[in-house]
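Hi,

Here is the structure I promised to pass on. Have a look at it first, and my notes follow below.

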Amino acid sequence: MNKNFRSFIAAGLFIAASSPVFAQKSGVITYEVTARMDPERMRGFNRGGNDDNNSVPDVVTFNQTFTFNDNVGKITTERPDFGGQRRQQRPDGDTSRRRGPGGPGGPGGQGGRMMMGPGGNAQYVDLANKKYEQVFSTFGDDKKVFYTEEDYIYTANSKSSDKTKKIAGYTCKRATIQLKDDTYTVWYTTDLPFSFSPVNGLLPENNAVVLAAESSRRAFTAKSVDLKPVTEDLSIPAGAEKISQEKMREIRREQMEKLRERQQ
């Protein structure tokens with residue numbers, strides 16, 4: 001192998017290593033989430049029966065983290081304190097499209113919880129197969145663990161523009177996306193080696209990572225993208241039973257009824 005050829009190979013490896021495609025495949029994205037509250041809706045979930053809506057803030061802000069390692073990821077959402085009160089009702093603008101308590105989260109199904117259900121919820125992401133995986137654990141002596149899947153939803157009606165801006169150190173493109181009754185301004189990068197959005201239905205491209213999304217009711221903004229080794233186990237709990245989304249909704253309703261009976 002001659003010297004020029006070796007130099008060519010070395011240069012090629014350097015370029016490849018510095019390319020986004022070869023970027024570190026593990027790390028943590030930290031989002032700041034802002035959600036507008038619906039005081040009338042929240043009042044019905046006030047455990048003390050207090051009708052004073054002054055205790056319900058107009059807007060809550062909290063953190064959501066997406067931890068990823070190779071082909072798997074996990075979403076962890078900080079509980080809002082709702083003015084110092086621990087509530088289980090999700091704020092208006094939950095990351096899920098469903099409104100029922102404990103429904104499949106974020107990405108139109110899965111994608112980041114704003115609350116923990118009576119038996120606990122966890123959100124996982126299969127980056128290789130582009131699926132959100134919602135895990136739910138029942139409570140009581142007969143505790144069981146279930147999970148359901150939802151495919152990524154790519155938005156066919158998104159409107160892209162030539163505008164760009166830096167978010168968490170990444171150059172992001174802008175897109176406008178209509179999701180049900182809300183219009184989102186989305187900023188996304190294609191410089192990470194996977195695809196992800198904190199809300200399903202806000203993916204304008206199949207290799208996009210959404211670093212910011214804002215509508216009239218909620219907003220997600222990546223404050224940091226920390227590429228680093230991850231040792232946390234990001235896989236679905238062993239022994240979890242796979243069920244349909246319809247069955248998951250049924251189990252959650254049953255668990256909520258049991259919780260209400262206990263509270264009464």
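How many salt bridges does the count come to? The count comes to ten, taking a salt bridge as a side-chain nitrogen of Lys or Arg within 4 Å of a carboxyl oxygen of Asp or Glu.

Before the details, some housekeeping. This is a predicted model, so local features need pLDDT of at least 70 and side-chain atom pairs count only at pLDDT 80 or more, while totals for chains, interfaces and linings use all residues. Residues are numbered from 1 along each chain as its sequence is written, and side-chain values use heavy atoms, with hydrogens and water left out.

The overall picture

The protein has three helices and twelve strands; these are DSSP runs numbered from the N terminus, with helices being H or I of at least four residues and strands E of at least two. Twelve strands make an open sheet with mixed pairing, in the order β7-β8-β9-β10-β11-β1-β2-β3-β4-β5-β6-β12. Strands count as paired if DSSP finds at least two bridges between them. At the edges sit β7 (159–167) and β12, each of which pairs on one side only.

Of the 264 residues, 45% are buried, where buried means under 20% relative accessible area, exposed over 50%, and partly exposed in between (1.4 Å probe, protein chains only). Taking contacts (heavy atoms within 4.5 Å) between residues at least 6 apart in sequence, 57% join residues at least 24 apart.

Strands β5 (residues 131–137) and β6 (residues 145–151) run antiparallel and share seven bridges.

Glu 149 pairs with Lys 242, with the closest N and O atoms 3.2 Å apart. The partners come from distant parts of the chain, Glu 149 in β6 and Lys 242 in β12, 93 residues apart. Glu 149 counts as partly exposed because its relative accessibility is 22%.

Side chains of opposite charge can pair when their charged atoms come close. Asp 182 and Arg 217 do this at 3.4 Å, N to O. Asp 182 counts as buried because its relative accessibility is 6%, whereas Arg 217, at 21%, is partly exposed. Asp 181 belongs to the picture too: Asp 181, Asp 182 and Arg 217 are linked in a network of salt bridges.

Another one is between Asp 226 and Lys 228, where the closest N and O atoms are 3.6 Å apart. Both ends are partly exposed: Asp 226 has a relative accessible area of 34% and Lys 228 one of 35%.

A buried Asp without a salt bridge

Now for Asp 126, which is found in β4 (residues 121–126). Asp 126 is buried but has no salt bridge, and the nearest side chain of opposite charge, Lys 131, is 6.9 Å away. (For charge, Lys and Arg count as positive and Asp and Glu as negative; His and the chain ends are not counted.)

What does the side chain of Asp 126 make a polar contact with? The partner is the side chain of Asn 129, at 2.8 Å. A polar contact here is a pair of N or O atoms within 3.5 Å; within protein, one must be able to donate a hydrogen and the other to accept it, and residues adjacent in sequence count only if both atoms are side-chain atoms. Leaving out residues up to four places away in sequence, Asp 126 touches Asn 71, Lys 131 and Glu 133.

The aromatics

There are eight aromatic pairs in the structure. Rings of Phe, Tyr and Trp (its six-membered ring) pair if their centres lie within 6.5 Å; planes under 30 degrees apart count as stacked, over 60 as edge-to-face and the rest as tilted. One of the pairs is Phe 66 with Phe 196, stacked at 3.8 Å centre to centre with 0° between the planes. This pair links distant parts of the chain: Phe 66 is in β2 (residues 59–69), Phe 196 is in the loop between β9 (182–189) and β10 (209–214), and they are 130 residues apart. Phe 66 and Phe 196 are both buried. Ring pairs also link Tyr 31, Phe 66, Phe 68, Tyr 132, Tyr 152, Tyr 154, Phe 194 and Phe 196 into a cluster.

Cheers
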